[in-house]
Amino acid sequence: AEKKALGATHQELGGWLCGKWNLPKDLTAAVTSHHYPALAGEHMQIASVVHLADILVRALAIGSGGDAKIPRLNEEAWAKLNLKDQDLPPLLKAIDAEVEKATIFTSIL
């Protein structure tokens, strides 16, 4: 839908903005490759972090991805992050705690 409406995907537009803003190559790779982290090459680690974060925030209904779809977890990204299934519950708990802190902070503004 993005490609049809805008002529580019959010990854492509994000990559273009990263270039305009002279952001580091690893950050640009994370933006442009977060759906397919292996495409980030030497920057696969950070792209994998963004990939997993995208999936988790969508699963937890934090913010909006523009649709109700939860992306499929890329197994290479999971392996690259050296995570195990038992790492997920503490990670979700940490996300809840960070969201709570952010909610408190933004309520002050």
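Modeller: Let us begin with contacts: two residues are in contact when they have heavy atoms within 4.5 Å of each other. In this predicted model, residues 24 or more positions apart account for 33% of the contacts in the protein with a separation of 6 or more.

Biologist: Which secondary-structure elements does the protein contain, and in what pattern along the sequence?

Modeller: The protein has six helices and zero strands, and its pattern along the sequence reads α-α-α-α-α-α. Taken along the principal axes, the box filled by the C-alpha atoms is roughly 35 × 35 × 30 Å.

Biologist: What percentage of the residues in the protein is buried?

Modeller: A residue counts as buried when its relative accessible area is under 20%, and as exposed when that area is over 50%. Buried residues make up 23% of the 109 residues here.

Biologist: Is Gln11 buried or exposed?

Modeller: The cut-off for burial is under 20% relative accessibility. Gln11 has a relative accessibility of 14%, and therefore counts as buried. Gln11 is placed in helix 2, residues 10–20. Leaving aside residues up to four places away in sequence, Gln11 touches Glu2, Val31, Thr32, His34 and His35.

Biologist: Which residues make up the largest nonpolar core?

Modeller: To find a nonpolar core, one looks for buried nonpolar residues joined through side-chain atoms within 4.5 Å. The largest nonpolar core here has six residues: Leu52, Leu56, Trp78, Leu81, Leu83 and Ile95. Consider Leu52, one of its members. Not counting residues up to four places away in sequence, Leu52 touches Leu73, Trp78, Leu81, Leu83 and Leu91.

Biologist: How much space lies in the largest pocket, and which residues lie nearest its centre?

Modeller: A pocket may be read by its volume, its lining and the elements that supply the lining. About 390 Å³ of space lies in the largest pocket. Its lining has 17 residues, and those nearest the centre are His10, His35, Asp54, Arg58 and Pro71.

Biologist: Let us turn to backbone angles. What is the phi of Asn22, and where is this residue placed?

Modeller: Asn22 has a phi near 55 degrees, a positive value in a residue other than glycine. The place of Asn22 is in the loop between helix 2 and helix 3. Because its relative accessibility is 68%, Asn22 counts as exposed.

Biologist: What should be read for Asn82?

Modeller: The phi of Asn82 is near 55 degrees, a positive value in a residue other than glycine. Asn82 is found in the loop between helix 5, residues 75–80, and helix 6, residues 88–108. At 56% relative accessibility, Asn82 counts as exposed.

Definitions and conventions. Residues numbered from 1 in each chain as written. Predicted model: local features only at pLDDT ≥ 70, side-chain atom pairs only at ≥ 80, totals over all residues. Heavy atoms only, no water. Helix = DSSP H or I, 4+ residues; strand = E, 2+ residues; numbered from the N terminus. Buried < 20%, exposed > 50% of the residue type's maximum accessible area, 1.4 Å probe, protein only. 1 Å grid on protein atoms, 1.4 Å probe; cavity = no way out; pocket = protein on both sides within 12 Å on 5 of 7 lines; lining within 4 Å. Points joined across faces, edges and corners; volume = space filled by probe spheres on them.
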